[in-house]
Amino acid sequence: MELPPPPPGTTVTVRAPAKVNLALKVGPLREDDDFHELATVFHAVDLYDEVVATQRPEGAGILITVEGEGADVVPTDRRNLAWQAADLVAEGIHVDPDVHLHLSKSIPVAGGMAGGSADGAGALVACDALWRGGLTRLDFLSLSAALGSDVPFSWHGGTALGTGRGDRLSPVLARGRFTWVFAVVEGGLSTPAVYAEFDRAHGLDPVTGALLDVESPEVPDALMAALLSGDPEALGRALVNDLQPAALALRPDLDLVLETGHDYGALGAIVSGSGPTCAFLARDDEHALDLAVALTSAGIVRTVKRASGPVPGARVVDTTVSPG
């Protein structure tokens, strides 16, 4: 039995976290979908985008508005993963997608921290709650994977091993909490452009489409051991990103950002995902503050954000039912 839509004005608020790839190992191109085979360890941190879903009158359709970090470059049409998520939920539970999705962004746009994926996961959770869809865990994982490779983790959260396109997840035991500083530079980086540079550097065969010197990806044992022990120094030494050389080739200015973090004692420094945001692992909150001040004072970044993890994935934080 299908439930009637809630009264117009009813709202559901969801918070969805940013991610950093502690390890991002890139393998050969997959034959079935032309994505790269990945082995990655995702880590969710307490830097959030907020999605507020408000029921609209019957037949009003989907409306997206955006405020905050990078709002002026975020699409508000069908290109936005939040829009696509609302459509998928509505189709799956047989309701009309009459919803206003307001995105309050704190995650850098095109910064390698899965801000768009967080919005997609947040919209999935918000629309399911708003329309009382009762989606299961498997439903969420399936719909998330249909939206994009990083969306399942944005829903899942915590620390997880991602394989396949990064969408097949297995929880990873991580003891304790880790403290991070994220340096956000001017401009973004296109994920497809970074992968294209990776392919060029690794000898993409123009005839067969094969990469000539790329092996099956595996996460380093040292990184998994560091997470299990909760040792930040060991984790800092084990951070790895196969896309980092490609990102640096496209954005050489990131070299100075990484060097500055190292100079001020970061336990580890890495380009986050496809970049250009750089992630620095700190010893503790005090050290994170020192790193943030040093990076800001150097005048080489647009802004600096501090965060810690792991944290849960996209979750409902507030619901307000309109009297109708």
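Analyst: What follows is a set of questions and answers about a predicted model, in which each term is set against its cut-off.

User: What makes Cys278 count as buried or exposed?

Analyst: A residue is called buried when its relative accessible area is under 20%, and Cys278 has a relative accessible area of 0%, so Cys278 is buried. Cys127 is likewise at 0% relative accessibility and therefore counts as buried. As for disulfides, which need a pair of cysteine sulfur atoms within 2.5 Å, the count by this rule comes to zero.

User: Where does Cys278 sit, and what stands opposite Cys278?

Analyst: Cys278 belongs to strand 10, and Val271 stands opposite Cys278. Strand 10 covers residues 278–282 and runs antiparallel to strand 9, to which four bridges join it.

User: How do you know that strand 9 and strand 10 pair?

Analyst: Two strands pair if there are at least two bridges between them; four bridges join strand 9 to strand 10, so these strands meet the requirement. They are part of an open sheet of four strands in the order 9-10-7-11, with antiparallel pairing. Strand 9 (268–271) and strand 11 (303–309) are the edge strands, each pairing on one side only, and neighbouring strands of the sheet are turned by 25° against each other on average, direction ignored. Helix 9 (residues 254–263) lies across strand 7 (178–184), strand 9 and strand 10, and runs at about 5° to strand 10.

User: Which residues of helix 3 are buried, and what covers them?

Analyst: The buried residues of helix 3 are Phe140, Leu143, Ser144, Ala145 and Leu147, and what covers them includes helix 1 (81–93), helix 2 and helix 4 (151–156).

User: What makes Val311, a loop residue, count as buried or exposed?

Analyst: Val311 lies in the loop between strand 11 and strand 12 (315–320), and its relative accessibility is 7%, which is under 20%, so Val311 counts as buried. Leaving aside residues up to four places away in sequence, Val311 touches Pro17, Ala44, Val45, Asp46, Tyr48, Gly157, Gly158 and Arg177.

Methods
Residues are numbered from 1 along each chain as its sequence is written. This is a predicted model: local features need pLDDT of at least 70, side-chain atom pairs count only at pLDDT 80 or more; totals for chains, interfaces and linings use all residues. Side-chain values use heavy atoms; hydrogens and water are left out. Helices (H or I, at least four residues) and strands (E, at least two) are DSSP runs, numbered from the N terminus. Axes are lines fitted to C-alpha atoms, for helices over the stretch in contact, and angles run from 0 to 180 degrees between N-to-C directions. Contact means heavy atoms within 4.5 Å. Buried means under 20% relative accessible area, exposed over 50%, partly exposed in between (1.4 Å probe, protein chains only).
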